[in-house]
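Let's learn to read a helical fold together, one feature at a time. Please keep the viewer open as we talk.

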Amino acid sequence: MMSTARTSPVAPSRRSQLLAAGAATVTVVLWASAFVSIRSAGEAYSPGALALGRLLSGAVALALICLVRREGLPPRPAWRGIAISGVLWFGFYMVVLNWGEQQVDAGTAALVVNVGPILIALLGARLLGDALPPRLLAGMAVSFAGAVTVGLSMSGEGGSSLFGVVLCLLAAVAYAGGVVAQKPALGHASALQVTTFGCLVGAVLCLPFTGQLVHEAADAPLSATLNMVYLGVFPTALAFTTWAYALARTTAGRMGATTYAVPALVVLMSWLALGEVPGLLTLAGGALCLAGVAVSRSRRRARAATPDEPVGPRPEGASRSA
């Protein structure tokens, strides 16, 4: 009977892990594709207008899904995390990142913003009690080295400003704060609810840019506007929902480390979609990013219990430290 009690939850746990991994994969692929779309839309839209248009497109898509699924309002305990993540991540982050990428070259922006996953791990450990297992720390170190390599290989001469670097650093801090605030909310509300109302909070925060959006949309080429709508529907509505789904099933630090796959995918997508052939240093950096993600998400195999060892439940938190 003791054996049955221990093995019964294995199947659903394994299924949950696979679904979370799939959701995380969807997120990083769509977030990587966003860099290609931002490059196009950013030529016609200012940072605030682009953020507002993206958030409004995402909010409409999410609201329609909520109506179809008959999702109600999030429970009261979830609102604090939703509001904080909406202000920091959906609102402030998107405006500041768009602004920063107009001040610095793509390589510098990628390098500075990739401080975010490290901040997520540290804040998660401090505020949420998340563990910092050696594999996670080692994987993040390898991935960050890869991100630095990609950033240096893509950096242009004289394309950066101190102001732009500060903006990108603020974006990284807002990203980390938003993720850590979102995690507790997912214990009370669904991933769809947290994403929908976080997006709405961000859109409300960006409403002062309405005049710019209307004025610029009248003159923008159709391709730029379509890229803005794409950013709202897929990298925002869909990818932020799959992110929240996966975040609810793992630690903030582990999810943050997963986003180190984004630079490698951006290099690949730029190669395929824009014909930008990466150099050997860029490819090496991308490989390091992916290797680090693999290490950070790997888990140590559990040692089989000997007949003399107890087989009862582990102490609280013991199974989450790997």
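Q: What pattern does the protein chain follow along the sequence?
A: Along the sequence, the protein chain reads α-α-α-α-α-α-α-α-α-α-α-α-α-α. There are 14 helices and 0 strands, where helices (H or I, at least four residues) and strands (E, at least two) are DSSP runs numbered from the N terminus. Before we go on, this is a predicted model, in which local features need pLDDT of at least 70, side-chain atom pairs count only at pLDDT 80 or more, and totals for chains, interfaces and linings use all residues. Residues are numbered from 1 along each chain as its sequence is written, and side-chain values use heavy atoms, with hydrogens and water left out.

Q: How many of the residues in the protein chain are buried, as a percentage?
A: Buried means under 20% relative accessible area, exposed means over 50%, and partly exposed is in between (1.4 Å probe, protein chains only). Of the 322 residues in the protein chain, 45% are buried. As for contacts (heavy atoms within 4.5 Å), take those between residues at least 6 apart in sequence: 92% of them join residues at least 24 apart.

Q: How do I read the packing of H6 and H8?
A: Two packed helices are described by the angle between their axes and the distance between the axes. Here the axes are lines fitted to C-alpha atoms, for helices over the stretch in contact, with angles from 0 to 180 degrees between N-to-C directions. Helix H6 (residues 116–128) packs on helix H8 (residues 162–185) at about 40°, and their axes are 9 Å apart. That makes H6 oblique to H8; angles under 35 degrees count as roughly parallel, over 145 as roughly antiparallel, 65 to 115 as roughly perpendicular and the rest as oblique.

Q: Which residues of H6 and H8 meet?
A: On the H6 side they include Leu119, Ile120 and Leu123, and on the H8 side they include Ala172, Val173 and Tyr175. By class, the contact of H6 with H8 has 13 nonpolar, 3 polar and 1 charged residues. Ala, Val, Leu, Ile, Met, Phe, Trp, Tyr, Cys and Pro count as nonpolar, Asp, Glu, Lys and Arg as charged, and the others, Gly among them, as polar.

Q: At what angle do H4 and H11 pack?
A: H4 and helix H11 (residues 222–247) pack at about 130°, with their axes 14 Å apart. H4 and H11 are therefore oblique to each other. Trp89, Phe90 and Met94 of H4 make the contact with Thr236, Phe240 and Trp243 of H11.

Q: How many aromatic pairs does the structure hold?
A: Rings of Phe, Tyr and Trp (its six-membered ring) pair if their centres lie within 6.5 Å; planes under 30 degrees apart count as stacked, over 60 as edge-to-face and the rest as tilted. The structure holds 12 aromatic pairs. In one, the rings of tryptophan 79 and phenylalanine 197 have centres 5.3 Å apart and planes at 70°, so the pair is edge-to-face. Tryptophan 79 lies in helix H4 (residues 79–103) and phenylalanine 197 in helix H9 (residues 191–205), so the pair ties together parts 118 residues apart in sequence. Tryptophan 79 is partly exposed at 30% relative accessible area, whereas phenylalanine 197 is buried at 15%.

Q: Which residues form one aromatic cluster?
A: Trp31, Trp89, Phe90, Tyr93, Tyr175, Phe240 and Trp243 do.
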